[in-house]
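Hello,

Here is the structure we talked about. Please have a look at it, then read my notes below.

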Amino acid sequence: MIQHLPAMFERAGGDGETADRDDDAKVQDLRSLYDELGEPLLVAYHFKFEIPAIQKEFPEAVLYKGPKDAEAWNAGKIPMMLIHPKSG
């Protein structure tokens with residue numbers, strides 16, 4: 001998983017190749033990563049407007065809201081968790 005981090009950051013953040021592409025393309029890139037890496041997958045989002053597009057493609061994605069979500073994640077009950085980098 002760690003070896004995939006640079007590619008994931010480039011795809012998610014826009015690496016020149018993806019910078020001009022719309023959000024749907026980024027969601028499709030996330031789909032490719034999810035299909036490649038499997039679950040569980042922790043996805044960091046930067047803007048709230050990204051959440052609905054991700055949840056539309058991945059209805060199983062859970063938005064982190066607090067410690068109960070962290071417990072479920074740690075127990076392997078959540079296949080994809082959406083979390084903001086500044087989440088507490």
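**Aromatic rings**

F47 has a relative accessibility of 47%, so it counts as partly exposed. Keep in mind that this is a predicted model. F49 reaches 52% and therefore counts as exposed, the cut-off being over 50%.

The count of aromatic pairs comes to 2. One of them is Y34 with F58, an edge-to-face pair. Their centres are 5.3 Å apart, with 70° between the planes. Y34 sits in helix α2, while F58 sits in the loop between α3 and β2, so the pair ties together parts that are 24 residues apart in sequence. Y34 is at 10% relative accessibility, so it counts as buried. F58 is at 0% and therefore counts as buried too. F47 and F49 also pair: their ring centres are 5.4 Å apart and their planes are at 15°, so this pair is stacked.

**The core**

The largest nonpolar core has 12 residues. Among them are V27, L30 and Y34, along with I51, I54 and F58. V43, Y45, A61, M80 and L82 belong to it as well. Four elements are listed as giving two or more residues to this core: α2 (23-37), β1 (41-44), α3 (50-57) and β3 (80-83). Which element gives the most? That is α2, with 3 residues.

L82 is worth a click. Leaving out residues up to four places away in sequence, L82 touches V43, Y45, I51, I54, Q55, A61, V62, L63 and Y64. Of these contacts, V43, Y45, I51, I54 and A61 are also core members.

**Strands**

β1 and β3 pair in the parallel sense, over 4 bridges. In this pairing L42 stands opposite M81 of β3. β2 covers residues 61-63 and also runs parallel to β3, joined to it by 3 bridges. Here A61 stands opposite M80. Both A61 and M80 are in the largest nonpolar core.

How is the β-α-β unit handed? It is right-handed, and it is made of β2, helix α4 (residues 67-74) and β3.

**Two local points**

The peptide bond from E39 to P40 is cis, with omega near 0°. Most peptide bonds are trans. P40 lies in the loop between α2 and β1.

A53 lies in helix α3. A53 and D23 are 30 residues apart in sequence, but their C-alpha atoms are 7.8 Å apart in space.

**Confidence**

How far does the confidence go? The protein has a mean pLDDT of 81, and 74% of its residues reach 70 or more. Confidence is highest in β2, at 96. Confidence is lowest in helix α1 (residues 5-13), at a mean of 53. Over residues 14-20 pLDDT stays under 50. For that stretch the model has 7 contacts beyond four places in sequence.

Best wishes

Technical notes. Residues are numbered from 1 along each chain as its sequence is written. This is a predicted model: local features need pLDDT of at least 70, side-chain atom pairs count only at pLDDT 80 or more; totals for chains, interfaces and linings use all residues. Side-chain values use heavy atoms; hydrogens and water are left out. A nonpolar core is a set of buried Ala, Val, Leu, Ile, Met, Phe, Trp, Tyr and Cys residues joined through side-chain atoms within 4.5 Å. Buried means under 20% relative accessible area, exposed over 50%, partly exposed in between (1.4 Å probe, protein chains only). Contact means heavy atoms within 4.5 Å. Two strands pair if DSSP finds at least two bridges between them. A crossover is right-handed if, with the strands pointing away from the viewer, the path from the first strand over the helix to the second runs clockwise. Rings of Phe, Tyr and Trp (its six-membered ring) pair if their centres lie within 6.5 Å; planes under 30 degrees apart count as stacked, over 60 as edge-to-face and the rest as tilted. pLDDT is the predictor's confidence in each residue, from 0 to 100.
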